[in-house]
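Dear colleague,

Please find the structure below, handed over for your use. My notes on what was found in it follow directly after.

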Amino acid sequence: MISEEGATVLVEAIEAYYDAVPRAAARVEEFGALRLFVREGAGFPYYARPGSGAAGDVSDVVKVRARQRELGVPEAFEWVAEVTPWLRAAVEGAGLAVSEHPLLVLAGEPAAEVAVPDVEVRLLAADDPALGLALAVTHVAFGAEGTAEEIAVRLAGDGTVAVNTGAIGAGRKVVAAAVDPAGRVLCAGSCMPVGGVAEIAGVGTLPGARRRGLAYAVTRALAVAARGRGVSTVFLSAEDESVARIYRRLGFVRQATALIAEG
């Protein structure tokens, strides 16, 4: 059980992590109380989030959205509700809908491994031929159009695979995948350790392979890898409470609420 004081420290560490992670691949543009991360080069576009800690208002959100449209990137905002309580009203006042997601932290070591028949769960090296498919499976799992094979070709062509290859090789990213005997990636996810904190993100399973415990297995592999690298705070945000139950079985406990708005 995490004490109230300990929970506060954890949330503050997560807040600092959210601000630190994009800086390896993005420049920062300030808009009043908000900070927009603008990716430089290939890869998934970043978001806007709170900046210096001072409270802002709807005008800051409007300015950021205008800049995001100018850049041709998603109008996306991400923040922790308990840390920046003023931002929800400002974002909604600017016309965006806000979704809530349980933010959970791993308490202790992850629960025991549960074997999945006919599936190998492994960490992918930078030169693993399954890397492109692993990245593509996450896109498919979250609703992207096309097959994993088609999306993998696109990710190779636009430089996304190369960016991830470099991040894995440099130790900035860990990717885990559940692979069947035919070499097909059924589930994948990743984490990025920074300063003793790591978020497990993008854990997604192909629709035809769900309800087999693959998300549990991949998340556990990532949590074990993070702990093995000396990470003290391993966290994630779940889609909703029903999905959060999977992570609670692994030893994650809810500490806060992640808020996301996209236009």
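How far apart are the mean positions of the 25 positive and 32 negative charges of the chain? They are separated by 2 Å. Here Lys and Arg count as positive and Asp and Glu as negative, while His and the chain ends are not counted; each charge is placed at NZ of Lys, CZ of Arg, CG of Asp or CD of Glu.

Please note that this is a predicted model, in which local features need pLDDT of at least 70 and side-chain atom pairs count only at pLDDT 80 or more, whereas totals for chains, interfaces and linings use all residues. Residues are numbered from 1 along each chain as its sequence is written, and side-chain values use heavy atoms, with hydrogens and water left out.

The chain as a whole

The chain contains 8 helices and 11 strands; these are DSSP runs numbered from the N terminus, with helices (H or I) of at least four residues and strands (E) of at least two. The radius of gyration is 18 Å, which agrees with the value near 18 Å for a compact globule of 263 residues. That radius is taken over C-alpha atoms, and the globule rule is 2.2 Å times the number of residues to the power 0.38. Along its principal axes, the C-alpha trace spans about 55 × 45 × 30 Å.

Of the 263 residues, 49% count as buried. Buried means under 20% relative accessible area, exposed over 50%, and partly exposed in between, with a 1.4 Å probe and protein chains only. The chain exposes about 12100 Å², of which carbon and sulfur atoms supply 54%; accessible areas come from the Shrake-Rupley method with a 1.4 Å probe, and for residues only the protein chains shown count as cover. Among contacts (heavy atoms within 4.5 Å) with a separation of 6 or more, 65% are between residues 24 or more positions apart.

Helix H4 covers residues 131-141. Since 9 of its 11 residues are buried, H4 is largely enclosed by the rest of the structure. The buried residues include Leu131, Leu135, Val137 and Val140. They pack against helix H5 (148-157), helix H6 (160-169), strand S7 (174-179), strand S8 (185-194) and strand S9 (197-205). Just after H4, glycine 143 takes a positive phi of about 100°.

Leucine 133 also belongs to H4, but it counts as partly exposed because its relative accessibility is 22%. Leaving aside residues up to four places away in sequence, leucine 133 touches Ala148, Glu149, Ala152, Gly183 and Val185. Its C-alpha atom is 9.2 Å from that of leucine 155, which is 22 residues away along the chain. Glycine 183, in the loop between S7 and S8, is partly exposed at 34% relative accessibility. The C-alpha atoms of glycine 183 and leucine 133 are 9.8 Å apart, with 50 residues of separation along the chain.

Strand pairing

Two strands pair if DSSP finds at least two bridges between them. Strand S1 (residues 26-31) and strand S2 (residues 34-39) pair in the antiparallel sense over 6 bridges, and glutamate 30 stands opposite arginine 35 in S2. The hairpin of S1 and S2 has 2 residues between the strands, and glycine 32 takes a positive phi near 60° there.

Strand S4 (residues 76-80) is mostly covered, with 4 of its 5 residues buried. S4 pairs with strand S11 (residues 252-262) in the antiparallel sense over 5 bridges; tryptophan 79 stands opposite leucine 259 in S11.

Positive phi in residues other than glycine

Most residues other than glycine have a negative phi. Aspartate 118 has a positive phi, near 60°. This aspartate 118 is in the loop between strand S5 (98-106) and strand S6 (120-123) and is exposed, with a relative accessible area of 62%. Arginine 211 likewise has a positive phi, of about 65°. Arginine 211 lies in the loop between S9 and helix H7 (214-228) and is exposed, with a relative accessible area of 88%.

A link across the sequence

Arginine 69 is in helix H2 (residues 58-71) and is partly exposed, with a relative accessible area of 48%. The C-alpha atoms of arginine 69 and glycine 263 are separated by 10.0 Å, although the two residues are 194 residues apart along the chain.

With kind regards
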